[in-house]
Amino acid sequence: MSTDTPAPGTSGVPLRTAVAALPPYVPGARTEPGSRTFKLSSNENPYPPLPSVLDAIREAAGDTHRYPDMYATELTETVAASLTDHATSHGIPLTVTPDQVVVGTGSVAVLAHVLQTVCEPADEVVVPWRSFEAYPIAVAVSGATFVPVPLASSGSAGRLDLPALAAAVSDRTRVVAVCTPNNPTGPAVHRDELDAFLAAVPSDVLVLLDEAYVEFVRDPEVPDGLAVYAAHPNVVVLRTFSKAYGLAGLRVGYAVARPDLAAGVRSVSTPFGVSDLAQRAAIASLHAQDELLERVEALVVERARMLGELRDQGWELPDAQGNFVWFGLGEETLRRGAEAREAGVLVRPFAGEGIRVTVGERDANDAFLRVAASWRR
């Protein structure tokens, strides 16, 4: 044991090796108060909560001196009923029960809890890369080893290479993540390639189907995540209220898993993690789902307009199935990101790789389209 005096400002207590080596999670840049800058850096929904949702939040605010329902009973029941209704209307042989639903502070927290539930220190987690930047952090914290698999090098840019993901599975693999649509590049996996992938992955390897942007998908070749879950017991579906439902600031997401796995995830989740405000807002949002999905459709139309104009400018872009567009700019990334900021538009640069641009309100999108046109000159 060391008796040396620690340096000023330090505790002298060593961090876990995995924690000391963690890559930082880089959030999208924020606008300053009173700024005229448009924020297209965080894949946020530009629409505020519906009046009915705001009413639910205001009503819940009076109870903030009380702990929330730790198991989010009403919310899990409402999510289960909504998913069952979807399955029934789409001919999927599935009844989702509340014991298959686990909520957490955003799907990113649920992801971490899933990994903590199933991973031992000697295990590996196979992940497409580039993908959601929280993956390597969550894997490292779980104690497992992060195994990145590059995206497809041929065909449509930004697509997951599912054959390569399957080939990377070893005897040590415990989890494989499939982000669809892939954040930050945009394409979603297709039914035939996912079927082949799942047939190749051992049944005792958990497959995380991360569908944070599923409501924005319009590609007819993309499978229904609930149908995939119904057919494969080792599949867990992750979803969130942050994007399509516009509740990013309240932090609530969920996993759909078989009851035994869901119980394990629930046991490692932070007690009382999802606030009462978040639970009630999510319930109100599900009750107003049709109205919210009209907003999603408006964003999908705006996404198509942006893509059309960008391609008219001469850009070759990946398929965009989320609420964002990806520019693979390589070494130009940071310079172009700074130019966008100077022009009054905040985007999300990934150094050396590319820039992700959220589909926002029309004025913001128009401002970015002017920036993108300037990059072509």
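Mentor: Buried means under 20% relative accessible area, exposed means over 50%, and partly exposed lies in between, with a 1.4 Å probe and protein chains only. This is a predicted model, where local features need pLDDT of at least 70, side-chain atom pairs count only at pLDDT 80 or more, and totals for chains, interfaces and linings use all residues. Residues are numbered from 1 along each chain as its sequence is written, and side-chain values use heavy atoms, leaving out hydrogens and water.

Trainee: Why is Arg-251 called partly exposed?

Mentor: Its relative accessible area is 31%. Partly exposed covers the range between buried, under 20%, and exposed, over 50%, so Arg-251 is partly exposed.

Trainee: Why is Ala-72 called buried?

Mentor: Ala-72 has a relative accessible area of 1%. Buried means under 20%, so the term applies to Ala-72.

Trainee: What is the phi of Ala-72, and where does Ala-72 lie?

Mentor: Phi is near 45° there, a positive value in a residue other than glycine. Ala-72 sits in the loop between helix H2 (51–61) and helix H3 (73–89). Helices (H or I, at least four residues) and strands (E, at least two) are DSSP runs, numbered from the N terminus.

Trainee: What is the phi of Arg-251?

Mentor: Arg-251 is not a glycine, yet its phi is positive, about 60°. Arg-251 belongs to the loop between strand S7 (235–240) and strand S8 (253–256). Most residues other than glycine have a negative phi, and most peptide bonds are trans.

Trainee: Which peptide bond ends at Pro-181, cis or trans?

Mentor: The bond from Thr-180 to Pro-181 is cis, with omega near 0°. Pro-181 is in the loop between strand S5 (173–179) and helix H7 (191–200).
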